[in-house]
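Hi,

Here is the structure for your files. My notes come after it.

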Amino acid sequence: MTIADAAHAENGDWLVGNPTGLQLASALWIGSVGLLILGLQPVLLGALYTEGHVTGDELALVATAEMIAIAIGSAIVAMLLPARNMRWKSAVLLILLALANVWSAHAASADMMIAARTVAGLAEGGLVAVATELIARSRRAERIGGYFVTMQTLAQCALALLLALYVIPAAGSAGGFIVLAVVCVASLAFAVTVPGDYADLPKEENLVSVLTVPSITALLSVFCYFMFFGAIWAFLEPLGAQYGIYSWTVGLIVSASLATQVLGAMTATVFEARIDYRIAITAIGAVALISSLVLASGPGLTTFWVAALVMGFILLFIVPYQIRLAITADETRTAVLLVPAAQLFGLALGPVAASLLIKGTDFRPVPEFAAASALASVALLGLFVVVSRRRVVA
């Protein structure tokens, strides 16, 4: 079933509004453009480093600045701006992102690159909010969220392959950023088919509805889970090198992990309604914990492969269930709008926090930190369940 078919079949499942299949698909694509960089960072930033444009430390700053900016941009657009004139907002954000990508292609210093990617991140966050605002208005937000992560990951895989095999070998990192700018301009065709105005959600509290123990606990659970993956993803290559695994092999593992992320997203879309979100998040947290401990134990090549691919699969498999967690925490659905921000802050701060524990060339504390983050995510879910039950009794 296509996204358009699904939207047509589920029109009665919208809390407010009644978008067509084309409008839904367009909004999800606009949001996917905002998240393309997450799958392309290893390729683009690796090229920047190889070409000598940035040092290792500057590379980390570029990546972290952009992810934090995406989180801030998505929160600002979703929480502070009304869901009106979405076509114009989408078009303006796409143009701004295209200009930031062109700026990145011509950045003459690391500081300029950080500034360019920060501007890009703010625009990307706004584009993500175009999709999440519409997802929050669906009665089946988990399923639409599954379509969203599947679309964005497929796009990331296709573009990563194009850049790695053809664009960067011929035109370097600058060529990669120009391709991203072209994608933004081409996506203006989708901006005109996004719903003009999103119908208002039935809520009065807005930000106040998020400042509750259930909402905060739910978002912290999401944050900790993505800290787990962010730490592992950022240090996978040096961790593999410590165990005698060549960098080109780790690069192959990263590419295969993107493929398993697609598989995980598609599987979650099929099974999201059949598994209770509490069971799913707990089970996935346990798998994340075990996989992290495996990577900390000095595994051989085969075991390293398996652990990395399992982590790739569960990364996006969990997203629909995290959406359900946020909806359960806050019936006004304001918390759902902050799920992307919680995810991105986790991805950004996970590597920073893990790096504080590294001792010289020993990277084993990284997967140990990731294991603790996964455990914290499940513990926060348990706290959420306890608090929610007490609230219902009261």
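Predicted model: local features only at pLDDT ≥ 70, side-chain atom pairs only at ≥ 80, totals over all residues.

Residues are numbered from 1 along each chain as its sequence is written, and side-chain values use heavy atoms, without hydrogens and water.

Overall fold. The protein has 18 helices and zero strands (DSSP runs, numbered from the N terminus: H or I of at least four residues for helices, E of at least two for strands). The radius of gyration is 20 Å, close to the 21 Å from the globule rule for 394 residues, so the protein is as compact as a globular protein of that length. That radius is taken over C-alpha atoms, and the rule is 2.2 Å times the number of residues to the power 0.38. The C-alpha trace spans about 55 × 45 × 35 Å along its principal axes. Buried residues make up 57% of the 394 (buried is under 20% relative accessible area, with a 1.4 Å probe and protein chains only).

Aromatic rings. There are nine aromatic pairs (Phe, Tyr or Trp rings, the six-membered one for Trp, with centres within 6.5 Å; planes under 30 degrees apart are stacked, over 60 edge-to-face, the rest tilted). Tyr225 and Phe226 pair edge-to-face, at 5.4 Å and 75°. Tyr225 is buried at 1%. Phe226 is buried at 4%. Phe317 and Tyr321 sit 5.7 Å apart with planes at 40°, so that pair is tilted. Ring pairs also link Tyr225, Phe226, Phe228, Phe229 and Trp233 into a cluster.

Best wishes

Terms used:
Buried < 20%, exposed > 50% of the residue type's maximum accessible area, 1.4 Å probe, protein only.
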